[in-house]
Each structure stands twice: as structure tokens, then as C-alpha cells.
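Please consult the sequence and the structure shown below while reading.

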Amino acid sequence: MIKQGNGWRIGWQEKATTYQGLIGSQHWALELTSEEMHDFHRLLLQIYQAMTEINSHLMEEETISCEVESDLMWLGVQGYPHNYSLRIILHHHRSCEGTWLENVIQDLIQASQSLDIF
């Protein structure tokens, strides 16, 4: 099952042997193991919550960068608190990276929560 929207896609295939998850945009995609997919979902929620909390401390024109990391991957956001890009770097057994343009994080969170794995 793959879900997609404007600038993002995310999917899950339970029967796949190694890489059950898929994340990406229209221009790139990364296959993720089950462990990586769970970590991605957890870090995505964590960085979204951090940006939501930081938003109340900033002026409208201020930009921000925020990062979260695990043993498997790094996620970072950059931009305005209400409009920011999201970047991922995998660093466990593989070296992969990708970037989503602004305004995709809420859709990614909703889509990942609707997959049958969480």
C-alpha cells in the first residue's frame, strides 16, 4: 500500500523480506526496513512537536532549524515555523538522503499513522 500527496509518498508492504517501508517525493524514494520505518515515524512526530513548541517563541519573520537523530537516521527541518522543509539522512548500513519541500510534514504524519504498522 502506497499513499501519496503533493510532494510526498509513503508506503508499507508487510510481505517484503528486507525493506517493507517506502518514503519519498515525486523525484526520489528510499526503501526502509521495519525498524527504520518505525524510527522514521517516531522522529517525524518528535520533530513536528518540537517545531510546534518553538513556534510560540519566535517572531513571524524568524526562520529556524531543528534536528532529531537516532542510531538509524537523522531528520532535520529548516524554514519558518509554519512552513519548513524536511530532510532525512540514513546512516545505518546505508548512506541515503532525501528532502521534502515545504508543507509536507503534517500530511506525512497523517499518512504514516494510517498505515497498518503503527
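## Helix against helix

In this predicted model, helices α1 (residues 34–55) and α2 (residues 105–114) approach each other, their axes coming within 10 Å and crossing at roughly 140 degrees. Angles over 145 degrees would count as roughly antiparallel; α1 and α2 are therefore oblique to each other. The crossing of α1 past α2 is left-handed.

On the α1 side, the contact is made by Phe40, His41, Leu44, Leu45, Ile47 and Tyr48. Helix α2 contributes Ile105, Gln106, Leu108, Ile109, Ser112 and Gln113. Of the residues in this contact, eight are nonpolar and four are polar, while none is charged.

## The sheet

An open sheet is formed by four strands in the order β5-β6-β7-β8, with antiparallel pairing. From one strand to the next, the twist averages 15 degrees.

Which strand is joined to β8 by five bridges? That strand is β7 (residues 83–90), and the two run antiparallel. Within this part of the sheet, Leu86 is placed opposite Trp100 of β8.

## Helix against sheet

Helix α1 also lies across the strands β5, β6 (73–80), β7 and β8. Relative to β6, α1 runs at about 30 degrees.

Definitions and conventions:
Residues numbered from 1 in each chain as written. Predicted model: local features only at pLDDT ≥ 70, side-chain atom pairs only at ≥ 80, totals over all residues. Heavy atoms only, no water. Pairing = 2+ DSSP bridges. Axes fitted to C-alpha atoms, helices over the stretch in contact; angles between N-to-C directions. Contact = heavy atoms within 4.5 Å. Parallel < 35°, antiparallel > 145°, perpendicular 65-115°, else oblique. Left-handed = near helix turned anticlockwise from the far one by under 90°. Nonpolar A, V, L, I, M, F, W, Y, C, P; charged D, E, K, R; others polar.
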